[in-house]
Structure formats: structure tokens, C-alpha cells
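Here is a friendly walk through one model, with a few stops at its helix contacts and side chains. Have the viewer open and follow along.

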Amino acid sequence: MRLWRGSARVHFARVAVLILIRLIMVVSPEPLLAPKLQPARSTAKILCRSAGLLIGAILLFTALTALSIFVFLPPSMASLGVLAYCFGARHGVDADHIAAIDNVTRNLVASGQRPVSVGFYFSLGHCAIVFGLCGVVVL
């Protein structure tokens, strides 16, 4: 049991570092110097909007997942639902996902657009595909 707790702490630290790196990349001065971009009105405003969107999505998704696990699943299956949610949350910070979001973000910055909600829409699309495939498997 002690080994599991240690690995959970390591996983939490990994997630925290990846989120901080992503937030730093959103407000780093390098993309703001691109020639096609207009002068930044408020970098803090963009950061607050991104953080609010991220926190809101996490809270909403966690609440809906907890509600669906405990309402629709029998008590004997609730622990499997929580385990599946935890594996899905860990899967969300895999390197291929971070790289895909980073690639789209850099392309949008290079074209002069603001990449505020790229990760949010990536996760919505990914979630829709996963739910669709689960529905096919169930049927």
C-alpha cells in the first residue's frame, strides 16, 4: 500500500508540472513577438480566461462523472467506475496528447490567432470518440 501512495504522489507531481508548463507556454513572451500578431492587450486576461476554462471543465466533468457513477452504477461497480475515471484522467496527460495540443497551439499562434481553448476542445472531441466507441462495444 505504501508503494501505491508514493506512485500516486509522483503522478500528481507529474500532472502538476505538465499543467504549469502548459500555462507558461500560453503566456511566454516568445509567441507574442511573432510578426503577424497584434500587440497583446492583456496577457493576464488571457491567462485568467484559460485558467477559468480549465478549472470549470475539471469541476464540471468530475461532478458529472461522480454523479453518473453513483447514480447509474450498482454499488458493486462504483469502485470500477472510479478506477476508470482515474485511468482516464491519467491518460489525458500522456505525451501524445500534450504534443498534439502543443502543435495546434503553436500553429494558431503562428497564424495570429489566440489558442485559448484548444485543449478544451481537444478533450471534448477525444471524450466524444471514447464514449462513441464504448457505446459500440456495449451494443
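## Helix 5 against helix 6

Helix 5 passes helix 6 in a right-handed crossing; a crossing is right-handed if the near helix is turned clockwise from the far one by less than a right angle, and left-handed if anticlockwise. Helices here are DSSP runs of H or I with at least four residues, and strands are runs of E with at least two, numbered from the N terminus. The model is a predicted one, in which local features need pLDDT of at least 70, side-chain atom pairs count only at pLDDT 80 or more, and totals for chains, interfaces and linings use all residues. Residues are numbered from 1 along each chain as its sequence is written, and side-chain values use heavy atoms, with hydrogens and water left out.

The axes of helix 5 (residues 95-110) and helix 6 (residues 118-138) come within 10 Å and cross at roughly 135°. These axes are lines fitted to C-alpha atoms over the stretch in contact, with angles running from 0 to 180 degrees between N-to-C directions. Helix 5 and helix 6 are therefore oblique to each other, given that angles under 35 degrees count as roughly parallel, over 145 as roughly antiparallel, 65 to 115 as roughly perpendicular and the rest as oblique.

## Residues at that contact

Which residues of helix 5 and helix 6 meet? From helix 5 come His97, Ala100, Ile101, Val104, Thr105 and Leu108, and from helix 6 Val118, Gly119, Phe122 and His126; contact means heavy atoms within 4.5 Å. By class, this contact of helix 5 with helix 6 holds six nonpolar, four polar and no charged residues. Nonpolar covers Ala, Val, Leu, Ile, Met, Phe, Trp, Tyr, Cys and Pro, charged covers Asp, Glu, Lys and Arg, and the others, Gly among them, are polar.

Ala100, found in helix 5, is partly exposed with a relative accessible area of 29%. Buried means under 20% relative accessible area, exposed over 50%, and partly exposed in between (1.4 Å probe, protein chains only). Ala100 and Val118 are 18 residues apart in sequence and 9.9 Å apart in space, C-alpha to C-alpha.

## The loop residue Val116

Val116 lies in the loop between helix 5 and helix 6. Is Val116 buried or exposed? Val116 is buried, at 15% relative accessible area. Leaving aside neighbours within four places in sequence, Val116 is in contact with Ile46, Arg49, Ser50 and Leu53. Between Val116 and Arg49 there are 67 residues of sequence separation, and 7.5 Å in space from C-alpha to C-alpha.

## Helix 3 against helix 4

The axes of helix 3 (residues 43-72) and helix 4 (residues 75-91) come within 9 Å and cross at roughly 155°. Helix 3 and helix 4 are therefore roughly antiparallel to each other, and their crossing is right-handed.

Phe61, Thr62, Thr65, Ile69 and Phe70 in helix 3 meet Ala78, Gly81, Val82 and Tyr85 in helix 4. That contact of helix 3 with helix 4 divides into six nonpolar, three polar and no charged residues.

## Aromatic pairs

Two aromatic pairs turn up in a search of the whole structure. In one of them, the rings of Phe120 and Tyr121 have centres 5.3 Å apart and planes at 70°, so the pair is edge-to-face. Rings of Phe, Tyr and Trp (its six-membered ring) pair if their centres lie within 6.5 Å, and planes under 30 degrees apart count as stacked, over 60 as edge-to-face and the rest as tilted. Phe120 is partly exposed at 26% relative accessible area, while Tyr121 counts as exposed at 53%.

## The whole chain

The chain has six helices and zero strands. Buried residues make up 12% of its 139 residues.
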